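Here is a short briefing on one protein model. Look over the sequence and the structure before reading on.

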Amino acid sequence: MADTTQPAFVVLGGGPAGLAAAYKLSQCGWKDVAVLERGSRVGGNAGSFVLDGIPVDFGSHRLHPVCPPPVMADIRRLLGDDLLNRPRHGRIRLRGRWVHFPLKPFDLLTRLPASFIGGVAWDAVRKPFTHDPGPPSFASILERGLGRTICRDFYFPYAQKIWGLAPEALDPEQAKRRVSNSSLGKMVRKVLGALPGMKRPGAGRFFYPRHGYGQISDALSAAAASSGARLHLNTNVTGVTVEDGRVRSVEASVDGQTRVFPCTYVLSTIPVSVLARLVRTAGPVAPLDAVRQLQQRSMVLVYLTLDIDQFTEFDAHYFPETAIRISRLSEPKNYSLTVAPGRTVLCAELPCAQDDPEWSMTEEELGALVVRDLETAGLGPVPHVTRVDTRRLPHAYPLYTKGYREAFDAIDHWVGNISGLVTFGRQGLFAHDNTHHTMAMAYALVDCLGTDGSFDHQSWARARKSFEHHVVED
Ligand SMILES: Cc1cc2nc3c(=O)[nH]c(=O)nc-3n(C[C@H](O)[C@H](O)[C@H](O)COP(=O)(O)OP(=O)(O)OC[C@H]3O[C@@H](n4cnc5c(N)ncnc54)[C@H](O)[C@@H]3O)c2cc1C
């Protein structure tokens with residue numbers, strides 16, 4: 001039985017959110033902290049692994065300079081000189097032309113077709129005289145803010161590809177949370193912010209750990225462990241037992257055996273819809289209709305090793321056009337500056353549903369699909385591919401279909417009535433959030449603990465409100 005003077009914390013999930021919580025708890029002197037992670041490594045979607053001597057991530061990952069100072073200070077301290085400060089150097093394919101990303105004023109004016117620039121200008125002029133384009137949705141919010149041209153050529157096809165739904169079927173919240181430039185004014189300010197003399201601190205730059213983005217999680221995990229937290233890998237959470245309205249223990253499967261972790265608090269970063277099915281309680285059962293309504297978009301990552309030093313000088317290519325199946329291509333060597341003569345790896349992101357054919361394609365088929373896409377995008381001929389590797393993310397992006405909010409709120413309310421159970425992180429709060437947001441959530445959660453081990457629910461409710469203002473950086 002857990003000792004009430006020293007609460008026992010069981011953290012579900014060893015991604016950045018769970019690890020940041022374990023790190024902060026152990027820094028605060030809490031002795032009984034266990035992290036349960038079903039994978040064989042930490043980092044979740046923000047982890048890394050090595051392919052042909054080159055660290056690679058699960059799709060393009062960057063640490064954005066808007067990272068809150070307390071989180072940034074810890075990452076700097078933990079990574080030291082391994083945290084590289086890099087210029088952003090990407091490209092978007094728009095109407096068959098390449099424009100720099102982040103957007104730059106001169107580049108836009110010289111590279112975009114005159115018809116596109118004229119279309120955007122005309123949208124801006126007629127904006128005050130246009131009516132709202134239909135009932136509130138991702139589509140109507142963005143069309144109102146950005147005009148038809150940018151939406152038709154960029155946001156709508158890109159949204160369809162990433163989320164697999166027509167932009168009209170997506171909740172307005174998706175536009176608020178996911179699109180930082182949701183009006184022409186904001187977009188113009190951001191583009192002008194690239195001009196010398198008008199640069200915002202950090203504009204056009206990002207931080208990246210020398211050994212891959214997952215180095216942030218590795219460092220958090222090592223720091224938590226050295227302060228006494230216990231990390232259990234290959235540990236799949238299979239049940240959370242609730243008695244008399246309060247969490248008592250977590251059950252997990254380790255090498256086919258069931259292990260029981262008694263606890264005072266369960267801090268969960270696993271998908272909230274998965275958690276809801278795992279709770280065993282004699283009290284009110286989970287709202288299963290709501291659980292079924294919360295959907296996630298999945299993603300296949302296709303890694304091609306090429307027998308050349310560098311494929312292009314760009315870190316990432318973005319493909320809004322629907323004729324190209326992948327949404328983004330990154331070249332990890334251009335992030336980490338890894339020295340690996342005679343080879344490079346490309347990472348292609350292919351968003352899909354788990355019942356789409358792409359999810360179950362073979363490596364050979366996926367490799368051929370990516371090569372075809374790159375050739376369609378004018379990036380061919382693709383040099384000799386020496387190896388194709390793939391990874392699958394079942395929970396890549398939360399899907400904000402219309403009505404998702406009611407479903408999430410119903411589950412969240414049910415979870416909130418279980419004493420000692422707190423959900424956070426990208427999967428726990430069904431949010432699109434960046435890594436720095438999820439770490440900030442973990443820090444805020446630990447701040448809600450009193451020295452006597454009590455949890456300040458009001459402070460947590462206030463912190464949760466503040467998370468609603470998170471806007472994702474790309
Ligand atoms: C393609 C892509 C690109 C991205 N690019 C960026 C970027 O450039 N910058 C940025 O800041 N963010 C980026 N993100 C977001 C970033 O990946 C997330 O913010 C981060 O991973 C969230 O961390 P988390 O700990 O909340 O969740 P996760 O990383 O999802 O971790 C959850 C953990 O729970 C574990 N788990 C699940 N179920 C169980 C179970 N039953 N038992 C035990 N463990 C379980 C999982 O294995 C996982 O390790 C990107 C995301 C994607 C998909």
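Which residue takes a positive phi in the hairpin of β10 and β11? Asp244 does, with phi near 50°, and this hairpin has two residues between the strands. The model is predicted: local features need pLDDT of at least 70, side-chain atom pairs count only at pLDDT 80 or more, and totals for chains, interfaces and linings use all residues. Residues are numbered from 1 along each chain as its sequence is written. Helices (H or I, at least four residues) and strands (E, at least two) are DSSP runs, numbered from the N terminus.

**Domains**

- The protein is divided into domain 1 (9–46 + 68–79 + 213–293 + 402–467), domain 2 (103–200) and domain 3 (296–399). Domain bounds come from an automatic or database domain assignment.
- The C-alpha centres of domain 1 and domain 3 lie 31 Å apart.
- Seven residues from domain 1 and seven residues from domain 3 make the contact. Two residues are in contact if their C-beta atoms, placed from the backbone, lie within 7 Å.
- On the side of domain 1 that touches domain 3, four residues are nonpolar, three are polar and none is charged. Ala, Val, Leu, Ile, Met, Phe, Trp, Tyr, Cys and Pro count as nonpolar, Asp, Glu, Lys and Arg as charged, and the others, Gly among them, as polar.

**Around the ligand**

- The shell around the ligand has 37 residues, and Gly13, Gly15, Gly44, Gly59 and Gly425 come nearest. A residue is near a molecule or strand if its C-beta atom, placed from the backbone, lies within 6 Å of it.
- By class, the shell has 11 nonpolar, 20 polar and six charged residues.
- Domain 1 and domain 3 each supply at least three residues of the shell.

**The five-stranded sheet**

- Five strands form an open sheet in the order β9-β2-β1-β13-β20, and the pairing is parallel. Two strands pair if DSSP finds at least two bridges between them.
- β9 (230–232) and β20 (421–423) stand at the edges with a single partner strand each, so one side of each has no neighbour in the sheet.
- From one strand to the next, the twist averages 20°.
- Strand β13 (residues 265–268) runs parallel to β20, and three bridges join them. Here Val266 stands opposite Leu421 in β20.
- α1 packs on this sheet and touches β1 (9–12), β2 (33–36) and β13. The direction of α1 makes about 170° with that of β2. Axes are lines fitted to C-alpha atoms, for helices over the stretch in contact, and angles run from 0 to 180 degrees between N-to-C directions.

**α1 against α16**

- α1 and α16 pack at about 35°, with their axes 8 Å apart.
- Their crossing is right-handed. A crossing is left-handed if the near helix is turned anticlockwise from the far one by less than a right angle, and right-handed if clockwise.
- Residues of α1 in this contact include Pro16, Ala20 and Leu25, while those of α16 include Thr435, Met439 and Val446.
- The contact has 11 nonpolar, two polar and one charged residues.

**The seven-stranded sheet**

- Seven strands form another open sheet, in the order β7-β6-β16-β17-β18-β15-β19, with mixed pairing.
- β7 (97–101) and β19 are the edge strands, and each pairs on one side only.
- Strand β6 (residues 90–94) runs parallel to strand β16 (residues 316–318), joined by three bridges. Arg91 stands opposite His317 in β16.
- Helix α6 (residues 148–163) lies across β6, β15 (295–306), β18 (344–352) and β19, and runs at about 95° to β19.

**β10 and its partners**

- β10 and β11 pair in the antiparallel sense over eight bridges. Thr241 stands opposite Ser249 in β11.
- β10 also runs parallel to strand β14 (residues 279–281), with three bridges. Val279 in β14 is the bridge partner of Val240.

**Backbone exceptions**

- Most residues other than glycine have a negative phi, and most peptide bonds are trans.
- Asp244, with its positive phi, is not a glycine. Asp244 is found in the loop between β10 and β11 (246–254).
- A cis peptide bond joins Phe101 and Pro102, with omega about 0°. Pro102 lies in the loop between β7 and α3 (105–111).
- Gly380 and Pro381 are also joined by a cis peptide bond, with omega about -5°. Pro381 lies in the loop between α13 (363–376) and β19.
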